[in-house]
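This report goes through a helix, a hairpin and a sheet in turn. Please keep the sequence and the 3D view at hand while reading.

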Amino acid sequence: MTIRSAKFCVAIYLATGLLAARAMAQGDPVKSFDPATAAVRKPGTTVRIDLIGDSTQTDHAGYGRGFCANLTAQIDCVNMAKGGASTRSFRAQGLWERSLETKPDYMLIQFGHNDVVFNRSPAPSGAAAAGGPRSNGAAFGGDRALTDPGDYEKNLRQYVTEARAAGIKPILITPITRQYFETDGKIHSDQTEHCITMRKVAADMNVPLIELQNESIAYLENIGEEAGHKFEITKKDAAGATIYDKTHFNWSGSYVFGRMVAVDLGKAVPELKKHVRPEAAKLPHEGEKAMRVMERGSVKIVLVGDSTVATGGGWGPGFCSDFSPNVTCVDDALNGRSSKSFIDEGAWKKALDEHGDYYLIQFGHNDQKTTPALHTDPDTTFAANLHRYIADVRAIGAVPVLVTSLSRRNYKDGVLVEDLTAYADATKKVGADEYITVIDLNQTSVAMLKRMTQEQADKFDKGVDPDTGKAAVVTSGVDVPAAAALDRTHLNPYGQKVFGRLVSDAIVKTQVELGPDLIGVPGGPTTVQPGGPPGSRPVSVPIQPVPRPNEN
């Protein structure tokens, strides 16, 4: 296999969205879930409300956290929404069963954005097809897509019936609009059919209905397209340019539309009106800071870890180069360190003294070693160290992000050796317990490497020139075979770029405020085809900061 074909394999892997399907859905970090304690309520609360839906309901990309912030302290607000979910996949992935196990008093159910029907007939002239243009299955595969136009209604009715059987009061919400403005200054919604169906189910089954589709359209059309942008997150188009997302919300958007849903809940369910705060909730410090970042305020990211993150042979330099000059990226990772020794040697204190805004933390390679100064047990001492890192970062007002260990690149009988799984799993568990972003670099790097041969994977090695396949150091004018210089752990500049990109693309899926500062790659892993109904066009984000919303 040639070097050129190895690079082509990487490009195809990234650009075809094989990562996106599993690791890059817009939405929230993974949360811990224990069936034994799922029904335990927050102390002092008297009513539990669950959010059941897709990414537009989540905390990090939807109106979820804004909704919960607008309820009184007597409400235990539990967000069970999932990025990429449809009425079908929410059940297929076990999320509905989990939601029932939380035993809420009320469920707010909103689906539609991902309920796409494969190969359906085009909508009548002048009507918007539910879920947008007819799908051929390329964008919405697996358990997300519906197979029949009637499935959406059937699924909604089943949710209502099962909620009631469990003693839960369901409330339906028509899908919040996407910001698909056209030249007439009006929003041309792609959710019309879903809303008609939602209203029908609500009327037939006597379910309270929140008319979020119509209200969100009226609100956005009143303020206009330009003003509506201040509530959106961004993404990259096929040319690598930053454009508005048109679907998901930043902190300000979450609080505006979350307030809308909370007020409407009090109207739809009168007994809950007393639990809606009389005044709109204000953004917390964390939200104000995130909005300053999104508006292109200066930001510092600090990288902490071992040699697979460090400047000499880790993904750190590639990650740092993916961001605009507005981002100061400090790579404090050190060769040979474990989660234990990094603290014991004082390196962690030095990193904290940087007073970064975000800390990306990856350990595991050296925690495996038996040396007492380095070794940790994945489920006990390693996990305890990660909890400490998170607590220390939060104590200085910064945002912690965990990264699972970059895979080594050793193959046995043509099969990749996966020897970091225990530490990767422990990292994900800690992240879920703490409800913070975890970038599963182990999973994404393993997935990429499994599609390669040993020869192809060796092109990433620190000791190899990726353009020649030979050792980077040449002695007496004689080419040294690549195998003589391989450690199959550390990265050359090409490997740093490839794996650093996996990390940078992943972080903006939950820390959405960093999106405007991520440099796009034409046709690369950040490629997202412009969304919207037929005829809609992507809108480039201006260089100047997005205007801050009024505090209301």
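## Terms and basis

A residue is called buried when its relative accessible area is under 20%, exposed when over 50%, and partly exposed in between, using a 1.4 Å probe and protein chains only. Helices (H or I, at least four residues) and strands (E, at least two) are DSSP runs numbered from the N terminus.

The model is predicted, so local features need pLDDT of at least 70 and side-chain atom pairs count only at pLDDT 80 or more, whereas totals for chains, interfaces and linings use all residues. Residues are numbered from 1 along each chain as its sequence is written, and side-chain values use heavy atoms, with hydrogens and water left out.

Strand S7 (residues 242-249) is mostly covered, with 8 of its 8 residues buried. Strand S6 (residues 232-236) pairs with S7 in the antiparallel sense over 4 bridges, where pairing requires that DSSP finds at least two bridges between two strands. Glu 232 has Phe 249 in S7 as its bridge partner, and in the hairpin, which has 5 residues between the strands, Gly 240 takes a positive phi near 90 degrees.

## Helix H6

The buried residues of H6 include Tyr 152, Leu 156 and Val 160. Its buried residues pack against several elements, among them helix H5 (95-101) and strand S4 (169-173), contact meaning heavy atoms within 4.5 Å. After H6 comes Gly 167, whose phi is positive, near 80 degrees.

## The parallel sheet

Five strands form an open sheet in the order S9-S8-S10-S11-S14, with parallel pairing. Strand S9 (327-331) and strand S14 (438-439) are the edge strands, each pairing on one side only.
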